[in-house]
Amino acid sequence: MRAASRPEATPEEPLPQRQIALIDLLDRLLSGGVVLTGDVVLSIADIDLVRISLRALIVSISEQNPSPWHAISAPTGDDHDR
Amino acid sequence: MTATVSYAYAVARDADGSLEEALSGLPGVAEAPVHLVRVEHSDDVVVVSPVPERDFQEAALRAHLEDLDWLESVARAHHRVIQALAARTAVLPLRLATVYLDDERVRLMLRVRHEAFASRLTDLAAQVEWGVKIYVEAAAETERPASPPTDAGLSPGRAYLSQRRAQRHAREDAYRGAEQAAERVEAAARAYAVDRVQHRPQQGELARGPGENVINDAYLVPLQQAEDFRADVMQAAEGLPGVRVEVTGPWAPYSFAALAEAEPLKGTTP
């Protein structure tokens, strides 16, 4: 006896055709995960840059949940000299 | 020959030593197969793959990260590796584009941090992340009648105003409904969840409708209760007009991976 709608085996990998929305992924990859200082120090300014340059598309790093680099708001070519 | 650096995806538990074989041939970023970096006296490994140095130097990376297609391909490759790990073992995803000069540098990092990793991996073992999003559907669009108002007793001006009022009320109802949905969903979720992180509501071109995203939360749920969580959350908002609940996942615990030591202060609660 088995439910008709259930696959026989639980697939370990997700089905390739069921693609995850990029925005859901970026929410997690750009504001989740363990933050380590790698050797290529894209760290601070560059991740900030992701936020800045793509902010029209994704606004990923939450304001209530500022990232460690938040304090260092590097002047990254955002063109507003004030 | 292309110079490479080591892209680190995650820390994972390799308790029975089978992970290397299980992952063999799995392509990572830039299609190179992933492998493990180990240290002595620990079951926890870092999953890495070589990536071209020229793409991951600071200036190049800076430029690449502005390229949405490049970002997407790296994000999907990163996620593919995390998924494969999460299907087999406890995993602590690292932030996108964590790069070391070589595997030896990764090993050094693991040696220094393995205790913090081990404790977080233990906390997160056998738990999954669910994304829960609540949308207010565009009431203004759906409420607009296709034909002129039927109430013939009203002048065109009054009819217009009454129609606008009806639209506004529909929208207000939808937002009220969303608030109610949020409360019900949260109550349902709390019965199972051990932690929650609130992401910023999704907006902009990448956000998918229909409707406006007003809640974008992540819940950490024990694996055994994962399906019950999903079912109860989906059911919680049934019957509320103009409100849609979307559950994504199960994800590896991306939103909960942060190490305790990275938090500003240890909590004072017992």
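A residue counts as buried here if 20 or more other C-beta atoms lie within 10 Å of its own. Keep that cut-off in mind as you look at the structure, which is a predicted model.

Start with helix 7 of chain B, residues 156–190. This helix has 35 residues. From its first C-alpha to its last it reaches 50 Å, close to the 51 Å expected at 1.5 Å a residue. Which residues of helix 7 are buried? They are B:A174, B:G177, B:A178, B:A181, B:V185, B:A188 and B:A189. An α-helix has 3.6 residues a turn, so residues three or four places apart point the same way.

Now step back to the whole of chain B. The chain is divided into domain 1, residues 4–125, and domain 2, residues 128–256. The C-alpha centres of the two domains lie 35 Å apart. How many residues are in contact across the boundary? Six residues of domain 1 of chain B are in contact with four residues of domain 2. On the domain 1 side, two elements give two or more residues each: helix 4 (68–86) and strand 4 (91–100) of chain B. Helix 4 gives the most, with three residues. That side of domain 1 divides into five nonpolar residues, one polar and no charged.

Stay with strand 4 of chain B for a moment. Ten of its ten residues are buried, so strand 4 is largely enclosed by the rest of the structure. Six bridges join the two strands, which run antiparallel. Find B:A12, and you can look across to its bridge partner in strand 4, B:V91.

Between helix 5 (103–124) and strand 5 of chain B there is a loop, and B:A126 lies in it. B:A126 is not a glycine, yet its phi is positive, about 55°. Is B:A126 buried or exposed? With 9 other C-beta atoms within 10 Å, B:A126 is exposed. The cut-off for exposed is 12 or fewer. A second residue of this kind is B:A30, whose phi is near 65°, a positive value in a residue other than glycine. B:A30 lies in the loop between helix 1 (19–22) and strand 2 (35–37) of chain B. B:A30 is partly exposed, with 17 other C-beta atoms within 10 Å.

Next comes a sheet in chain B. Strands of a sheet pair through backbone hydrogen bonds, either parallel or antiparallel. Here four strands form an open sheet in the order 6-7-5-8, and the pairing is antiparallel. Why is one side of strand 6 (195–199) and of strand 8 (243–251) left without a neighbour in the sheet? Both strands stand at the edges, each with a single partner strand, so one side of each has no neighbour there. From one strand to the next, the twist averages 20°.

Seven bridges join strand 5 (residues 127–136) of chain B to strand 8, and the two run antiparallel. In this pair, B:K133 stands opposite B:E246 of strand 8. Helix 8 (residues 226–236) of chain B packs on the sheet. Helix 8 touches strand 5, strand 7 (212–222) and strand 8 of chain B, and its direction makes about 170° with that of strand 8.

Strand 8 has a detail of its own. B:P250 lies in strand 8 of chain B. The peptide bond from B:G249 to B:P250 is cis, with omega near 0°.

The loop between helix 8 and strand 8 of chain B holds B:G242. B:G242 is buried, with 22 other C-beta atoms within 10 Å. This residue leads back to helix 7. The C-alpha atoms of B:G242 and B:A181 are separated by 10 Å, although the two are 61 residues apart along the chain. B:A181 is one of the buried residues of helix 7.

Finish with chain A. Its secondary structure comes to two helices and zero strands. Buried residues make up 34% of its 82 residues. Among contacts in chain A between residues at least 6 apart in sequence, 77% join residues at least 24 apart. In helix 1 (residues 22–31) of chain A, nine of the ten residues are buried, so this helix is largely enclosed by the rest of the structure. Among them are A:I23, A:L25 and A:L29, and also A:D24 and A:R28. After helix 1 of chain A comes A:G33, whose phi is positive, near 80°.

Key: Residues numbered from 1 in each chain as written. Chains lettered and ligands numbered in written order. Predicted model: local features only at pLDDT ≥ 70, side-chain atom pairs only at ≥ 80, totals over all residues. Expected span 1.5 Å × (residues − 1). Domains from an automatic or database assignment. Contact = placed C-beta atoms within 7 Å. Nonpolar A, V, L, I, M, F, W, Y, C, P; charged D, E, K, R; others polar. Pairing = 2+ DSSP bridges. Axes fitted to C-alpha atoms, helices over the stretch in contact; angles between N-to-C directions.
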